[in-house]
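Dear colleague,

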Amino acid sequence: MGLADIIKYDENGLVPVITQDWQTGQVLMLAYANKEAVEKTVSERTCYYYSRSRQELWHKGDTSGHFQFVKEIFYDCDCDALLIKIEQIG
């Protein structure tokens with residue numbers, strides 16, 4: 001069983017994700033991920049989210065050039081929120 005199977009998603013199939021710079025601790029963003037985004041983030045070690053406004057998977061950096069490379073992933077005690085520590089390039 002992988003991380004995407006452990007997470008408890010809300011009624012819309014989403015989980016909130018806090019993204020934090022792994023060296024400075026600065027919080028960079030709050031976004032949401034669906035199961036597919038979590039699976040791709042874990043397997044590719046780069047951040048994917050689910051865009052609620054566009055209703056589609058979103059690979060961070062494809063548009064902005066600010067790619068986020070995963071260093072560590074944590075979930076809270078209820079398994080309904082994620083913290084991803086990243087190195088952002090771009």
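Two strands are taken to pair if DSSP finds at least two bridges between them, and strands themselves are DSSP runs (E, at least two residues), numbered from the N terminus. This is a predicted model, in which local features need pLDDT of at least 70 and side-chain atom pairs count only at pLDDT 80 or more, while totals for chains, interfaces and linings use all residues. Residues are numbered from 1 along each chain as its sequence is written, and side-chain values use heavy atoms, with hydrogens and water left out.

The model holds an open sheet of four strands in the order S2-S1-S6-S5, with mixed pairing. Strands S2 (27-33) and S5 stand at the edges with a single partner strand each, so one side of each is left without a neighbour in the sheet.

Strand S1 (residues 15-21) runs antiparallel to S2 and is joined to it by six bridges, and Pro16 has Tyr32 in S2 as its bridge partner. S5 and S6 form a hairpin with six residues between them, and Cys79 in the turn has a positive phi of about 60°.

Strand S5 (residues 67-75) also contains Tyr75, which counts as partly exposed at 42% relative accessibility (partly exposed lies between buried, under 20% relative accessible area, and exposed, over 50%, with a 1.4 Å probe and protein chains only).

With kind regards
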